[in-house]
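Trainee: I would like to learn how to read a few features of a structure, one at a time. Where do we begin?

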Amino acid sequence: MKTGNATILEFAGIAVAVILALLCGFAVILVTSDEPLNALASLLLGPVSNLFNIGTVLNKAVPLIFTGLALAVVFQSGVFSMGAEGQLYAGGFLGALAGVYIHGLTPWLHLPLVLICAMVGGALFAAIAGLLKTYANANEIVTTLMLNFVAILTTSYFVNNMFKDPNSGGFARMPYVNPEILLGKLFPGFPAHAGIVLALLAVVVVYLMLYKTNVGYELRLVGKSSRFAHYGGIATNRVVLTSIMISGAFAGLAGIVEILGVHGTYKDNFSAGLGFDGIIIALLARNHPIGVLIAALFYAYIQVGAQTMQVGSDMPREVAVIMQVMLVLLVSSQAIFVYLKQKYGQKAVK
Amino acid sequence: MSILLQMKDIHKVYPNGTAANRGVDLTIHEGEIHALVGENGAGKSTLMKIMFGLEAPTSGTIEYKGAPVTFHGPKDAIRHGMGMVHQHFMLAPSLTVSENIVLGEEPRKGPLSLFRDRNKESQEIEKLIQTYGLKVDPQAKVETIPVGQKQRVEILKVLYKGARLLILDEPTAVLTPQETDELFDSIKALIKQGYTIIFITHKLREVMEISNRVTVLKAGKTIATLLTKDTNPEEISRLMVGREILFRVDKQPSVPQDIVLSIKELCASDDKGAPALCGITLDIRAGEVVGIAGVEGNGQTELVETITGLRKAISGEIRYFNEELIGKSIAQIRAMKIGHVPEDRQTTGSSLTSTIAENLILDHYRNPEFKWGPFQSKKKIKQFTKIMMDVYDVRAQNEDVMAGSLSGGNLQKVVIARELSKNPKLLIASQPTRGVDIGAIEFIHREIIKKRDGGAAVLLVSAELSEVMALSDRIAVVYEGEIVAVLENSSELTEEEIGYYMLGLGIKKQKEEVAAQ
């Protein structure tokens, strides 16, 4: 009974945060727009007004689902990684290399290989922060944030030099990947690419892993009470390293799916913050995979809504940024509240 | 001598129901050194917090210089001329000694000036150090000076703020014997200048050496206030540990069999790296309960953690059925049918934000029986948890309830269920009934005796001497990391005798005997 109530309360808390953030956006529109109703309508209804927009919402949600899952996993183990952005580049880069430079495989072999390369790239890059944390006791927030720069700038160097497509004109990008392994449209006339299928699959896999397997049990136990896990004989450092690497693998997938579904090649700076948006998604989702799915769709919806509003009214799309920032503030302050309640509330509750 | 401070019938009940003070009377005369003694949990710290305004009493009155006072915070207490030297230093390590002393009340160049007057500051500090003979380099950074000097800085800080009544909370706990002597010299110097000192400790040697009067607290109550010169350590120890029999356990005499655990010359350090255990040698046989008695902090925690693999041993051996435990991982040791009820059930013994089921399967989740392919078998786990909750009388709606929502007694039953259901050949139970209701206490005691009668070896560590006496067949007394006595628990054994060893008086006596021969 108590657990049920707590879940409902938490859900209500998130709903309040979302509503308040939306109201803030509405308020800005009402105050600044000459045609507020028109602006509001295109913000709220634009994303579902036609098939093209619906598909765009899905496409925007795909990388967010992957990075959201990546961070949900690592947050559940009590590690505050901020490194999904860098891992996304590292994984996407390695996956793209495999997609561009390996020839002669059937697509049914080539695509899995490319996906695996992206996961390995993300996981290995994440392992640097993991090893620094477990062996040198380095704070993961600092190391992952710094390593983001390492990944972004290193891959940028590569794609501006040795791996740059000679026919790319002025653009810093690789040659195009094997066209047979691109994630095609789900069906003609609908822009959503097959990445959404992979993303849904990933949600299921992460859910099963976290809640139905021993790996997930150990991971959550370490996150909830690392002393208890240690006392129980669980090698907490190994679990932390595993969780950081799993997280890196999903961040890598975010990168490669974005490449195979949207860009067709590795482009310099192609992510522009998907890894950081994932943090908000995971916070909104309270680190639950199903929550990640919902939060990512909502987030993408707002972004597409902002675009349709910009086109259909006098309001700029930056209104969406206001709502996102409000959401971050509200949700993270709630997350802190929940954390404090868990940490200090028990004694008082007793 | 006039009365400086009087606390009458102080009660303090915390919101969670713990009664830390249950009628304390304390009278402090001006210019005396007043020792406050009592075991851990006797209510000393709570009393001091109330005295210093950190906590409000539930009932009772405080009079200072004859007038009733209410302290709303430490500031009030400081304004009345009270100062507290905490057991754990409250210093800024990266600042100098001088900066730490004046912190918050820095001399300024003028009443409205923003700038510190460093000349005036160094003069004042110099004068302070001279006056009280508390030698310390004012320009040294606090992080670079030894512990004894840090404590002097704490005292100087309090004196700088104008305190006339100093409360020293276990000031010698962190000091070497030499530093302790120097501290005592400083205290005596302060008394000569008219200061009053309250000295909290549980070391009786210090009480006898330095105090004028001593107040003994036990279980939250004042037991007696005595003139130090009219009493002796034996009387104080009897007052400190003697208590009503709380526990009565029905048990047959033990039938000890083969040795299960054999500890030889075991040494280990505490968290700070200081020696905590030295030369522990102890055998525990199947079918007996060996109790560890001792004032808390004398190596009990380290002993249990070393046996269970949570702490590294420095030297010595721990043999379990002729197999060396030192060097084995925690997981290996847990797999060897060794049960461990840890002393802190909330942080170590359970995960409060996990469900009861998740707490109970800690030793079983890798077992193929609990799996379904690559997944955990929800059905098997549920079955197992239900049985455990039935057998060990865990009262909760179902197995998916968060452990943190259980009462102390029910949570401890979860821990007991997990550790006893593995049918341990060795059970290590640390504070198994701390903070648990009477019903749960009886239940847990019965279960422990059941395991003993079933042929398990049991090592029991408890701060409750009466619990150790009620359950144990033999009692090993620890003092400063050593076993100072191993006593058969017979009807002739008294709490006073154990208390005598617990307070380290046995060693002194032996030494005297050796010297006499």
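Trainee: Is helix H4 of chain A mostly covered or mostly open?

Mentor: Count its buried residues. This is a predicted model, and in it 15 of the 18 residues of H4(A) are buried, so the helix is mostly covered, a residue being buried if 20 or more other C-beta atoms lie within 10 Å of its own. H4(A) covers residues 84-101. From its first C-alpha to its last it reaches 25 Å, close to the 26 Å expected at 1.5 Å a residue.

Trainee: Why does B:Met388 count as buried?

Mentor: Apply that neighbour count to a single residue. B:Met388 counts as buried because it has 23 C-beta neighbours inside 10 Å. The residue lies in helix H12 (residues 378-391) of chain B.

Trainee: Leaving aside neighbours within four places in sequence, which residues is B:Met388 in contact with?

Mentor: With those neighbours set aside, its contacts are B:Leu360, B:Ala417 and B:Ser421. Take B:Ser421: 33 residues separate it from B:Met388 in sequence, while the C-alpha to C-alpha distance is 7.8 Å.

Trainee: Which residues touch the most other members of the largest nonpolar core?

Mentor: That core has 247 residues, and the ones touching the most other members are A:Ile65, A:Phe66, A:Leu69, A:Phe250, A:Leu253, A:Val292 and B:Val477. Its largest share, 15 residues, comes from helix H10 (residues 236-263) of chain A. On the chain B side, domain 1 (3-241) and domain 2 (259-516) each give the core at least three residues.

Trainee: What is B:Val477 in contact with, beyond four places in sequence?

Mentor: Its contacts there include B:Ala293, B:Gly294, B:Ile483 and B:Tyr501.

Trainee: How many residues of each chain are in contact across the two chains?

Mentor: Count each side separately. Chain B brings 30 residues into contact with 21 residues of chain A. Helix H10 (330-334) and strand S18 (375-376) of chain B each supply at least two residues of that chain B side, and the largest share, three residues, comes from H10(B). By class, the chain B side has twelve nonpolar, 14 polar and four charged residues.

Trainee: In what order do the strands of the open sheet in chain B run?

Mentor: The four strands run S12-S11-S14-S15, with antiparallel pairing. Strands S12 (275-285) and S15 (323-324) are the edges, as each pairs on one side only. S11 (residues 259-269) pairs with S12(B) over seven bridges, and B:Ser269 stands opposite B:Pro275 in S12(B).

Terms used: Residues are numbered from 1 along each chain as its sequence is written. Chains are lettered from A and ligands numbered from 1 in the order in which they are written. This is a predicted model: local features need pLDDT of at least 70, side-chain atom pairs count only at pLDDT 80 or more; totals for chains, interfaces and linings use all residues. A nonpolar core is a set of buried Ala, Val, Leu, Ile, Met, Phe, Trp, Tyr and Cys residues joined through C-beta atoms within 7 Å. A residue is buried if 20 or more other C-beta atoms lie within 10 Å of its own, exposed if 12 or fewer, and partly exposed in between; C-beta atoms are placed from the backbone. Domain bounds come from an automatic or database domain assignment. Two residues are in contact if their C-beta atoms, placed from the backbone, lie within 7 Å. The expected span of a helix is 1.5 Å times one less than its number of residues. Ala, Val, Leu, Ile, Met, Phe, Trp, Tyr, Cys and Pro count as nonpolar, Asp, Glu, Lys and Arg as charged, and the others, Gly among them, as polar. Two strands pair if DSSP finds at least two bridges between them.
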